[in-house]
Amino acid sequence: MGLFTQLVTLPLAPVRGVAWVMDQVLEAAEDEYYDPAPIRAQLAELERQLIADEIDEETFDLVEDQLLDRLEEIRIHEQGGPP
């Protein structure tokens with residue numbers, strides 16, 4: 001029965017191949033989106049800009065809050081919580 005099933009579903013092989021590629025692309029995109037390293041680097045750069053007086057305290061607070069919210073989203077995702 002296995003050989004018969006493979007022969008019958010052979011025309012669907014390209015579809016399965018495309019689906020596999022899409023799964024791989026989605027997984028790579030999610031890995032990049034949920035990587036905390038760039039967010040931490042942005043936080044460090046933001047602090048450097050504040051210390052160098054390139055940005056004011058209000059701008060720092062606003063951007064820092066956004067980046068910390070993003071880190072919280074990543075943490076929740078890593079724990080398997082809601083997106």
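This is a predicted model: local features need pLDDT of at least 70, side-chain atom pairs count only at pLDDT 80 or more; totals for chains, interfaces and linings use all residues.
Biologist: Why is tryptophan 20 called exposed?

Modeller: Its relative accessibility is 54%, and the term exposed applies over 50%. Tryptophan 20 therefore counts as exposed. The residue lies in helix α2, which covers residues 13-33.

Biologist: Which residues form a nonpolar patch on the surface, and with what accessible area together?

Modeller: Trp20, Val21 and Val25 form the patch, with about 310 Å² of accessible area together. Nonpolar side chains are joined into a patch within 5 Å, provided that each residue has over 30% relative accessible area and no salt bridge.

Biologist: What makes the contact of glutamate 45 with arginine 48 a salt bridge?

Modeller: The closest N and O atoms are 2.7 Å apart. The rule asks for a side-chain nitrogen of Lys or Arg within 4 Å of a carboxyl oxygen of Asp or Glu, so this pair qualifies. In general, side chains of opposite charge can pair when their charged atoms come close.

Biologist: Why are glutamate 45 and arginine 48 separated by about one helical turn?

Modeller: The two residues are three apart in helix α3, residues 36-51, and therefore about one helical turn separates them.

Biologist: Are glutamate 45 and arginine 48 buried, partly exposed or exposed?

Modeller: Glutamate 45 has 33% relative accessibility, and arginine 48 has 37%. Buried means under 20% and exposed means over 50%, so values in between are called partly exposed. Both residues therefore count as partly exposed.

Biologist: How do you know that arginine 48 and glutamate 54 also meet in a salt bridge?

Modeller: Their N to O distance is 3.1 Å, and the cut-off is 4 Å, so the pair meets the rule. Glutamate 54 is partly exposed, because its relative accessible area is 48%.

Biologist: What of arginine 75 and glutamate 72?

Modeller: Their side chains meet in a salt bridge at 2.3 Å, N to O. Being three residues apart in helix α4, residues 57-78, they are separated by about one helical turn. Arginine 75, at 35% relative accessibility, is partly exposed, and glutamate 72 is partly exposed with a relative accessible area of 35%.

Biologist: How many salt bridges does the rule give?

Modeller: The count comes to four.

Note on methods: Residues are numbered from 1 along each chain as its sequence is written. Side-chain values use heavy atoms; hydrogens and water are left out. Patches are made of residues with over 30% relative accessible area and no salt bridge: like charges are joined within 9 Å, nonpolar side chains (Val, Leu, Ile, Met, Phe, Trp, Tyr) within 5 Å. Accessible areas come from the Shrake-Rupley method with a 1.4 Å probe; for residues, only the protein chains shown count as cover. Helices (H or I, at least four residues) and strands (E, at least two) are DSSP runs, numbered from the N terminus. Buried means under 20% relative accessible area, exposed over 50%, partly exposed in between (1.4 Å probe, protein chains only).
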